[in-house]
Amino acid sequence: MFLIPDPVVRFFHRMASPPHFYAFTERLMPWLVVIFLLLTAAGLYGGLYLAPADYQQGDSYRIIYIHVPSAWMSLFIYVVMAVSGAIGLVWRIKLAEIVAISSAPVGASFTFIALVTGSLWGKPMWGTWWVWDARLTSELILLFLYLGVIGLYGAIDDKRTASRAVAILALVGVVNIPIIHYSVEWWNTLHQGPTVTKMDKPSIHVSMLIPLLLMAVAFKFYYLIAMLQRARTELLLRERNAQWVKVMISESK
Amino acid sequence: MSLSRAFFAVIRRDLVLALRRRSEIANPLLFFILVITLFPLGIGAQPHLLQAIAPGIIWVSALLAAMLSLDSLFRSDFDDGSLEQILLSPHPTSVLVLAKIIAHWLVTGLPLLVVAPLLAVFLGMPNHALGILLLTLLLGTPVLSLIGAIGVALTVGLRRGGMILSLLVLPLYVPVLIFAGNAVQMAGSGLPVDAQINILISILLMALVLAPLPVASALKMSIN
């Protein structure tokens, strides 16, 4: 603990308290929305208007600005879900459990979007909607893992128990993440290799790369917004008998 | 009682119980045979087609049979309370749970190995691939029991855990299916399969070491 500055520790301790979290995210939300809208506008303008057409794929490559950030988010959210689930499992922090389960539907949506946009992109480029190649298959399995998490959470009535079950399942499913990430390098398949996250220079032109990264950051903010909204609702639902919720509701009337 | 004695006592108890209720052994086996006989009826008895998809048929059927048998792993112990006794014992839960999984595999996984060559011949699989088929089943079915145990442990407390169990377990079975099916396919064409076998061995070892831990914590969660 001595490595982390005191104000940071205090911030996290206060965030673990439900009323404080609820009030803080309420104030945070407009800022997140503004940043998200600005980033998305800039990213889409750069990607759809400023960036040149691809010399091979023409304009149809522009779906990359949705496809690639969604695919990144699908992995990123799973890791966030597993890590916060583990935190909830070890330290029994209620908010970590809520963050974990609130992430699952958002992550499932991003995985679905990545699959659908990839399929739409694959039709003109590869001539087929779907191939059973390593990356597509592993992404599909990721979607099933998300659905398993959501289904298991819904099947268990006691939500504290359900959170622990979901955390265990999410941690077991983490083995799939490196498989998806490296699938295009390990197996030489139809899906192209990575072009951005390479150690040396990215093999994508800067005028295309900047909008892509803008969109990636914008999607991160969208995830924060969607996840926090879900978390706030879930928190109210779980704490509906707590004093602070009753006071808040009676004051808002 | 020492840990190793407790370990073997759990295995022996589960084996005795299974022998007294033989349907637990027979059901997955019959299911396995029935599913495989459905394929030639469903897609037509063309020898070349059957031969080409035989490894996939056998492995998918083994997967389904393994999943169907999972429910018996903790169900009766959960109902009569002996699962709580295992959790209360001074020995580490994960080790005792591993004993239960091994006993379960001996009862439901091992019989599949005995009938698989016969069914492979039915489907017209070349003889030189039979050895590899048996090897992949020997390495793969314990992984199915180990991974499946995680899913059962998570859902044993639920009244209707059956549907959700398949959603939890089948995605995690996919790597085994891919490498095992691929190995048998390659062996049928006379190609070397060392790489796939090595990967299956590593999956088995990792599952043996790692799977009992989430099973133990999931059981504690299901019981509480």
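This is a predicted model: local features need pLDDT of at least 70, side-chain atom pairs count only at pLDDT 80 or more; totals for chains, interfaces and linings use all residues.
I will start with chain B as a whole. Its secondary structure amounts to eleven helices and zero strands. Read from the N terminus, then, the order of elements is α-α-α-α-α-α-α-α-α-α-α.

Next, the dimensions. Along the principal axes, the C-alpha atoms of chain B occupy a box of roughly 55 × 35 × 30 Å. As for burial, 45% of the 224 residues of chain B count as buried. On contacts, take those in chain B with a separation of 6 or more: 81% of them join residues 24 or more positions apart.

Now one pair of helices. Two packed helices are described by the angle between their axes and by the distance between the axes. In chain B, helix α3, residues 47-69, packs with helix α7, residues 110-122, at an angle of about 150 degrees, and their axes are 11 Å apart. How are α3(B) and α7(B) oriented to each other? The cut-off for roughly antiparallel is over 145 degrees, and α3(B) and α7(B) are therefore roughly antiparallel. The crossing of α3(B) past α7(B) is right-handed.

Which residues make that contact? From α3(B) they are B:Ala54, B:Ile58, B:Ala62 and B:Ala65. From α7(B) they are B:Leu112, B:Ala116, B:Leu119 and B:Ala120. Sorted by class, the contact of α3(B) with α7(B) has eight nonpolar residues, no polar ones and no charged ones.

B:Gly162 and B:Met67 are 95 residues apart along the chain, and their C-alpha atoms are separated by 9.7 Å.

Last, the contact between the chains. Chain A contributes 16 residues to it and chain B contributes 14. On the side of chain A that touches chain B, the elements giving two or more residues are α5 (134-155) and α6 (159-173) of chain A. Of the elements there, α5(A) gives the most, with eight residues. By class, that side of chain A has twelve nonpolar residues, three polar and one charged.

Terms used. Residues are numbered from 1 along each chain as its sequence is written. Chains are lettered from A and ligands numbered from 1 in the order in which they are written. Two residues are in contact if their C-beta atoms, placed from the backbone, lie within 7 Å. Helices (H or I, at least four residues) and strands (E, at least two) are DSSP runs, numbered from the N terminus. Ala, Val, Leu, Ile, Met, Phe, Trp, Tyr, Cys and Pro count as nonpolar, Asp, Glu, Lys and Arg as charged, and the others, Gly among them, as polar. Axes are lines fitted to C-alpha atoms, for helices over the stretch in contact, and angles run from 0 to 180 degrees between N-to-C directions. Angles under 35 degrees count as roughly parallel, over 145 as roughly antiparallel, 65 to 115 as roughly perpendicular and the rest as oblique. A crossing is left-handed if the near helix is turned anticlockwise from the far one by less than a right angle, and right-handed if clockwise. A residue is buried if 20 or more other C-beta atoms lie within 10 Å of its own, exposed if 12 or fewer, and partly exposed in between; C-beta atoms are placed from the backbone.
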